[in-house]
Amino acid sequence: MTQHSNPDAVDEIQLAWRRERPGTPVESIGIITRVWRAAKLLGDERRRTLARLGIDGATLDLLSTLRRSGPPYTMSPAELSTSCLVTAGAISQRVTRAEQADLVRTTRGPRGRTQTVTLSDAGHRLVEDTVDALLTHEDALLAHLDEHQREHLTVLLRDLLDGLIERLNADERPGQVGDHRS
C-alpha cells in the first residue's frame, strides 16, 4: 500500500483487512473501492445535474449520440443501439419517448418499423444547451487535478478498462456497459 499523507476510509478498510487477514492480497481495495466510490459520487451528481437541466440520462445519451454523428444527425435504430451500448429494446423506448417530446423525428418502413431517427430542432437546442452546462460542471468537479494529472488518470483508466474487458471476456456491446456517456 502506498503511504499517503492523509489516509482515508479506504486506507482504513485496507489496513483492517491486512490486520485481520495477514497474507490476503488487499492491494486491489485501494483501487477498486475508490473507483466504486468515485463512480457512485459522479453518477449521483450527474443525475442531480441532469434533473436541474430538465433531462434524464437516457434521453441525453440518445440526443448526444445523434448530435455527435454530424449532419444530418440521423442514424438507424441499430446504429444507435451499437453506439449507445444498449439493447434494441432500450433504444426503441428512448426513441418513442423522445419522439413524443418532439426531440427526434422518425421515418418508418412499410411494416411500421422505425428506419431512421433524426434529431429535431428542439432536440438539437436541448442537447447543445445540456451538453455545454453538463460538461462545464463536470470539468469543474475535476478542477483539483492539474492538466498532467488529468492526462495521466485518463491513460490509467483506459488501461484499467481495456484490461478488465480482456480479463472478463467482456466488450462494450449493448447490455454490457451501462449508460454513461454524453
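# Sheet, core and helix packing

Modeller: In this predicted model, three strands are arranged as an open sheet in the order β1-β3-β2, and their pairing is antiparallel. Residues are numbered from 1 along each chain as its sequence is written. Because this is a prediction, local features need pLDDT of at least 70 and side-chain atom pairs count only at pLDDT 80 or more, while totals for chains, interfaces and linings use all residues, and side-chain values use heavy atoms, with hydrogens and water left out.

Biologist: What makes β1 and β2 edge strands?

Modeller: β1 (74-75) and β2 (104-108) each pair on one side only. Strands here are DSSP runs of E with at least two residues, helices are runs of H or I with at least four, and both are numbered from the N terminus.

Biologist: Over how many bridges do β2 and β3 pair, and what connects them?

Modeller: β2 and β3 pair in the antiparallel sense over five bridges, with Arg105 having Thr118 of β3 as its bridge partner. The two strands form a hairpin with five residues between them, and Gly112 in the turn has a positive phi of about 85 degrees.

Biologist: Which residues have the most contacts inside the largest nonpolar core?

Modeller: The core has 21 residues, and those with the most contacts inside it are Leu60, Leu62, Leu63, Leu66, Leu80 and Val104. Such a core is a set of buried Ala, Val, Leu, Ile, Met, Phe, Trp, Tyr and Cys residues joined through side-chain atoms within 4.5 Å. Two or more residues each come from α3 (57-68), α4 (77-84), α5 (88-100), β3 and α6 (121-141), and the largest share, four residues, is that of α3. Beyond its neighbours within four places in sequence, Val104 is in contact (heavy atoms within 4.5 Å) with residues including Leu62, Leu63, Leu66, Val95 and Val117.

Biologist: Why is Thr130 called buried?

Modeller: Thr130 has a relative accessible area of 2%, so it counts as buried; buried means under 20%, exposed over 50% and partly exposed in between, with a 1.4 Å probe and protein chains only. Thr130 is placed in helix α6, where, leaving aside its neighbours within four places in sequence, it is in contact with Leu50, Leu53, Ile55 and Leu60.

Biologist: What relative accessibility does Leu85 have, and what does Asp102 have?

Modeller: Leu85, in the loop between α4 and α5, is at 7% and therefore counts as buried. Asp102, in the loop between α5 and β2, is at 47% and therefore counts as partly exposed. Leu85 has a positive phi near 60 degrees without being a glycine, and Asp102, not a glycine either, has a positive phi of about 60 degrees.

Biologist: What describes the packing of α1 and α2?

Modeller: Helix α1 (residues 9-20) and helix α2 (residues 27-53) pack at an angle of about 145 degrees, with their axes 9 Å apart; axes are lines fitted to C-alpha atoms, for helices over the stretch in contact, and angles run from 0 to 180 degrees between N-to-C directions. By class, this contact has five nonpolar, three polar and five charged residues, where Ala, Val, Leu, Ile, Met, Phe, Trp, Tyr, Cys and Pro count as nonpolar, Asp, Glu, Lys and Arg as charged, and the others, Gly among them, as polar.

Methods:
Two strands pair if DSSP finds at least two bridges between them.
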